[in-house]
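Subject: The structure you asked to look at

Hi,

Here is the structure for you to open and turn around on your screen. Have a look at it first, then read on for what turned up.

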Amino acid sequence: MSDCEQGILELAPSTEVLFVRYPRHLEATAEHDSEQLAAVADSICDDLATHIEGPTVLFGQGFGAWMAYEVAHRLEMTPLPAERAMAEVAALVVSSQPAPSCRTGGPGPVLACPIGVFLGDTDPRTTYDEAAAWARHGANRFDLHLLHGGRGYFQERPKEIINALSDYMLTLSFH
């Protein structure tokens, strides 16, 4: 775990922050294999649905953003037992990845949770408009945060991203 990831985990003690990643050995084919993406998202959702107990923020960087989106959708659709009524996807936070609708051309599922998008201002693989398109995937609050740097801003500027995420999470109201 990187220093940045560790810092993010410590942002909100009352809220669990989970990093959603796509298995590295499958990344090369994942963008073109929707069945594989769905199977991995189903597996992650099945595991998380039995473990989350309170407000949970799902975070995805790069291709992990699409995975986090798919997992958030599945979790929102999964009925939870009454004793775990406080378990919820409190927010989806994504970084350095175009919205799923930019890939598929279709609207895709709409999430009930807030969506926060972080983007490096000189990212060569994700444009501002592609990042802003994440707004189409949420029914509620949407925030787009533009940070200094390219695709690697997440690793190059860990303090900046931790501060920006901290500020963002403070603006969210968790139950």
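How many helices and how many strands are there in the protein chain? There are eight helices and five strands. Please keep in mind that this is a predicted model. Going from the N terminus, the order of the elements is α-β-α-α-β-α-β-α-β-α-β-α-α.

A few overall numbers to start with. The chain has 175 residues, and 49% of them count as buried. Its accessible surface is about 8700 Å², with 52% of that belonging to carbon and sulfur atoms. If you take the contacts between residues with a separation of 6 or more, 76% come from residues 24 or more positions apart.

Now for the inside. In soluble globular proteins, nonpolar side chains tend to be buried together. Here the largest nonpolar core has 31 residues, and Leu58, Met67, Val71, Leu75, Leu92, Leu111 and Trp134 have the most contacts inside it. Helices α3 (34–49) and α4 (63–77) and strands β3 (88–95) and β4 each supply at least two residues of this core. The element that gives the most is α4, with nine residues. Another core, of 17 residues, lies apart from this one, and Ala90, Ala91, Tyr153 and Leu172 are among its members.

The buried ones include Phe63, Trp66, Met67, Tyr69 and Leu75.

Next, charged pairs. Side chains of opposite charge can pair when their charged atoms come close. The count here comes to three salt bridges. In one of them, the side chains of aspartate 42 and arginine 74 meet at 2.5 Å, N to O. Aspartate 42 lies in α3 and arginine 74 in α4, so this pair ties together parts that are 32 residues apart in sequence. Aspartate 42 is partly exposed, at 36% relative accessibility, while arginine 74 is buried at 16%.

Arginine 74 also meets glutamate 70 in a salt bridge, at 2.7 Å, N to O. Both of these residues lie in α4, four residues apart, which is about one turn of the helix. Glutamate 70 is buried, and so is arginine 74. Put together, Asp42, Glu70 and Arg74 are linked in a network of salt bridges.

There is also a salt bridge between the side chains of aspartate 143 and arginine 141, at 2.6 Å, N to O. Aspartate 143 is buried, with a relative accessible area of 18%, whereas arginine 141 is partly exposed at 32%.

Glycine 116 lies in strand β4 and is buried, with a relative accessible area of 0%. Glycine 116 and phenylalanine 142 are 26 residues apart in sequence, but their C-alpha atoms are 5.9 Å apart in space.

Which way does the phi of serine 96 go, positive or negative? Most residues other than glycine have a negative phi. Serine 96 is not a glycine, yet its phi is positive, about 55°. You will find serine 96 in the loop between β3 and α5, and it counts as buried at 1% relative accessibility.

Threonine 126 is in contact with Ser96, and also with Gln97, Pro98, Leu119, Ala131 and Arg151, leaving aside its neighbours within four places in sequence. Threonine 126 sits in the loop between β4 (115–120) and α6 (128–132), and it is buried too, at 2% relative accessibility.

One last stop: cysteine 102, in helix α5 (residues 100–104). Cysteine 102 is partly exposed, with a relative accessible area of 38%. Not counting residues up to four places away in sequence, cysteine 102 touches Glu130 and Ala133. Its C-alpha atom is separated by 9.6 Å from that of aspartate 129, 27 residues apart along the chain.

Cheers

Note on methods
Residues are numbered from 1 along each chain as its sequence is written. This is a predicted model: local features need pLDDT of at least 70, side-chain atom pairs count only at pLDDT 80 or more; totals for chains, interfaces and linings use all residues. Side-chain values use heavy atoms; hydrogens and water are left out. Buried means under 20% relative accessible area, exposed over 50%, partly exposed in between (1.4 Å probe, protein chains only). Contact means heavy atoms within 4.5 Å. Accessible areas come from the Shrake-Rupley method with a 1.4 Å probe; for residues, only the protein chains shown count as cover. A nonpolar core is a set of buried Ala, Val, Leu, Ile, Met, Phe, Trp, Tyr and Cys residues joined through side-chain atoms within 4.5 Å. A salt bridge is a side-chain nitrogen of Lys or Arg within 4 Å of a carboxyl oxygen of Asp or Glu.
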